[in-house]
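Hello,

Here is the structure you asked to have passed on. My notes follow below it.

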Amino acid sequence: MSKTLHRIFIIILILIGTATFFYFGMYGYNYYTTSNEERFFNGLHKLLKPSGLIGHGLGIIGSLMMIIGVSAYMIRKRIRKFVRIGFLKHWLEMHIFLCSVGPILVLYHTAFKFGGIVAVSFWSMVAVVLSGVIGRFIYIQIPRTIQGQEYSLDELKSLDKDYSDRLKTEFGLDDSLIVKLEYFNKIQIHKRTNFISIGWLIFKDYFINKKLLRKYKKELISKKIESNKVKAIIKLCNSKLVLLRRISLLHSVHIIFKYWHIIHLPFAIVMLIIMLVHVTVAITFGYTWIF
Ligand code: HEM
Ligand code: HEM
């Protein structure tokens, strides 16, 4: 899949998620904003209550989406036999899509009533989704191949050397500029393993890099280099700066990501176990939806 096609695909997934959220929100607005005591008299009650045709259906479809999203990703990641099926990166994107839209459907299934033991499942689901967003941010700090496999430190260093070589041979840049880029990153010591301080460092680095690149751009333009070439050089310098930052953060990010799994996984397990109990109770009480 080309980069542009992949980007379009991701935008479509985001649009589907956003449209789902707004569609059911608008459709049921009148019902969801009615107090619990008065809901029974609302015209939409029969359809949108958790055991109603739509409400119940949303619970089933949303739960299935989460079950498929989690199991497919874990099977692809952990079972050797499936290692060759698609890129891991794309499977993670499917995981994120199914496990974001699934919870939206479950939210409407609850009709915003969070009672009983199943509320623990609901809040665990919320915790997994929120931790997922943070995890995705940490995940992208670890440089990976197109297939989604992590690079080793040696591979990263040789990738960085490739960038320097390209800047020298393809664009004829002198060593002084490259040394400046490297010096700039080396003076920052990233040894902290605290998520907030690392997040803050990345945030700060982003703006410092932008400022530095703007300065280089001016320097290159003043040397009468063509604008297309300047663009390409700046893009490469940016890739080099981001890579240098990721190399210097690698050790800390690995530790944080390990801790992050300790949060994401148990909440997912709690959610799934209570969901199974909830479904068993529902079926026992004769709530079989359209079946
Ligand atoms: C993680 C997934 C799920 C969560 C968090 C969840 C949560 C909830 C909540 C909060 C309620 C409302 C409880 C109340 O009225 O106070 C509810 C009701 C209900 N849920 Fe789920 N649910 C999930 C999945 C499912 C699934 C897959 C089914 C279908 C088998 C289902 C069937 C029902 C039924 C039938 C009711 C209505 C029970 C009644 O009115 O007594 N739920 N659910
Ligand atoms: C109810 C929703 C979700 C559930 C039940 C869930 C569950 C899981 C599970 C069981 C894993 C595998 C953990 C492991 O390999 O040890 C995982 C990995 C992951 N999930 Fe989720 N997740 C959910 C939503 C999300 C969301 C919304 C995002 C991002 C926005 C996300 C991002 C990730 C990431 C980045 C990984 C790590 C991948 C890796 O280390 O290979 N998850 N999730």
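Leaving aside residues within four places in sequence, valine 253 is in contact with Ile138, Gln141, Ile142 and Ile198. Please keep in mind that this is a predicted model.

Valine 253 belongs to helix α10, which covers residues 227-284. Is valine 253 buried or exposed? It counts as buried because it has 23 C-beta neighbours inside 10 Å, and the cut-off for that class is 20 or more. One of its contacts, glutamine 141, is 112 residues away along the chain, yet the two C-alpha atoms are separated by 7.2 Å.

On the domains: domain 1 is made of 3-148 and 258-284, while domain 2 is 153-251. Taken over C-alpha atoms, the centres of domain 1 and domain 2 are 38 Å apart.

On the cores: the largest nonpolar core has 21 residues, and within it Leu105 and Met125 touch the most other members. Two or more residues each come from α4 (53-78), α5 (88-110), α6 (118-139) and α10. Which element gives the most to this core? That is α5, with 9 residues.

Leucine 105 itself touches Leu58, Ile61, Gly62 and Met65, if residues up to four places away in sequence are not counted. Another core, of 8 residues, lies apart from the largest one; Leu167, Leu173, Cys237 and Leu244 are among its members.

Regards

How values were computed
Residues numbered from 1 in each chain as written. Chains lettered and ligands numbered in written order. Predicted model: local features only at pLDDT ≥ 70, side-chain atom pairs only at ≥ 80, totals over all residues. Helix = DSSP H or I, 4+ residues; strand = E, 2+ residues; numbered from the N terminus. Buried ≥ 20, exposed ≤ 12 C-beta atoms within 10 Å, placed from the backbone. Contact = placed C-beta atoms within 7 Å. Domains from an automatic or database assignment. Core = buried A, V, L, I, M, F, W, Y, C linked by C-beta atoms within 7 Å.
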